[in-house]
Amino acid sequence: MSVSEMSPEVAEVAGIVHGSASTELTGSAGLGGTATVGLGGTTADVRRVLLVWDAPNLDMGLGAILGGRPTAAYRPRFDALGRWLLARTAELSVGSVTRVEPEATVFTNIAPGTADVVRPWVEALRNVGYAVFAKPKIDEDSDVDSDMLGHIELRRRGAGLAGIMVASADGQAFRAPLEEIAASGIPVQVLGFREHASWAVTSDILEFIDLEDIPGVFREPLPRVSLDSLPDEGAWLQPFRPLSALLTSRPAQGVA
């Protein structure tokens with residue numbers, strides 16, 4: 001489930017920031033501050049604490065946990081995530097000889113004909129202080145993986161990164177680059193759902209944080225079921241995508 005497939009109720013979509021879309025988080029670049037630098041910008045004397053949110057991947061993971069599209073109670077609250085990022089930035093800035101500022105980014109695909117549905121969600125994020133990279137979903141190759149990795153590499157240049165958080169379960173795209181960054185001494189955290197990110201949960205060099213453990217990100221506890229926590233009566237594990245996707249997706253290895 002991609003962002004472009006979220007519930008069409010415009011009021012609900014705009015309400016993902018829990019009524020705070022008109023309140024900016026001030027005093028920081030990328031989170032409503034006057035020193036905001038958009039995607040592709042550089043500031044040589046500022047080290048970034050960078051948050052990268054992989055919207056298509058996390059939407060799919062959340063949809064799998066819920067068994068369908070999330071209601072308002074189960075949509076992530078980006079204002080709460082932003083406050084957590086501000087606190088993490090303050091922690092990492094202690095003792096730094098260069099200025100340290102947070103930068104919150106969301107990367108997403110926009111399917112044809114869905115711009116009007118997604119626009120309130122994008123505008124709400126921007127009002128809270130997130131930079132949004134939106135890319136048309138033209139075909140199976142129109143993902144945003146390379147764009148996210150490119151932006152991470154851009155922020156490593158110059159003054160560099162003071163820390164990085166990647167919200168995604170895509171180990172194929174992120175595992176090697178993040179392990180390389182962590183090995184260089186930069187604090188790296190992977191945010192996501194533990195059911196779908198075993199590569200990060202079990203890593204010896206990456207720190208994993210479950211999104212539900214960040215205060216306020218979800219208003220209601222997620223109805224989580226995994227193979228490690230099955231109820232005695234059993235439980236359904238919903239598909240990650242519809243079976244019909246086999247008709248349009250690229251050939252892949254079969255399931256034995």
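Which residues line the second largest cavity? Trp53, Leu58, Asp59, Leu62, Pro76, Phe193 and Leu211 line it.

## Basis

This is a predicted model, in which local features need pLDDT of at least 70, side-chain atom pairs count only at pLDDT 80 or more, and totals for chains, interfaces and linings use all residues. Residues are numbered from 1 along each chain as its sequence is written, and side-chain values use heavy atoms, leaving out hydrogens and water.

## The sheet

Six strands form an open sheet: 6 strands in the order S3-S2-S1-S4-S5-S6, with parallel pairing. Strands (E, at least two residues) and helices (H or I, at least four) are DSSP runs, numbered from the N terminus. Two strands pair if DSSP finds at least two bridges between them. Strand S3 (131–136) and strand S6 (207–210) are the edges; each has a single partner strand, so one side of each lacks a neighbour in the sheet. From one strand to the next, the twist averages 20 degrees.

Strand S2 (residues 99–110) runs parallel to S3, joined by 6 bridges. Phe107 stands opposite Phe133 in S3.

## Helices on the sheet

Helix H3 (residues 78–93) packs on the sheet. H3 touches strand S1 (46–54), S2, strand S4 (161–167), strand S5 (188–192) and S6. Contact means heavy atoms within 4.5 Å. The direction of H3 makes about 145 degrees with that of S2. Axes are lines fitted to C-alpha atoms, for helices over the stretch in contact, and angles run from 0 to 180 degrees between N-to-C directions.

Helix H5 (residues 145–156) lies across S1, S2, S3 and S4. H5 runs at about 170 degrees to S1.

## Cavities

The count is 2 cavities of 30 Å³ or more. A cavity is a set of points on a 1 Å grid, over the protein atoms alone, where a 1.4 Å probe fits but cannot get out; lining residues have an atom within 4 Å of a point. Grid points are joined across faces, edges and corners, and a volume is the space filled by probe spheres set on the points.

The second largest cavity has a volume of about 30 Å³. Helix H2 (residues 55–66) gives the most to its lining, with 3 residues.

## An aromatic pair

There are 5 aromatic pairs. The ring centres of Phe78 and Trp121 are 6.5 Å apart and the planes stand at 80 degrees, so this pair is edge-to-face. Rings of Phe, Tyr and Trp (its six-membered ring) pair with centres within 6.5 Å; planes under 30 degrees apart count as stacked, over 60 as edge-to-face and the rest as tilted.

Conventions:
1 Å grid on protein atoms, 1.4 Å probe; cavity = no way out; pocket = protein on both sides within 12 Å on 5 of 7 lines; lining within 4 Å.
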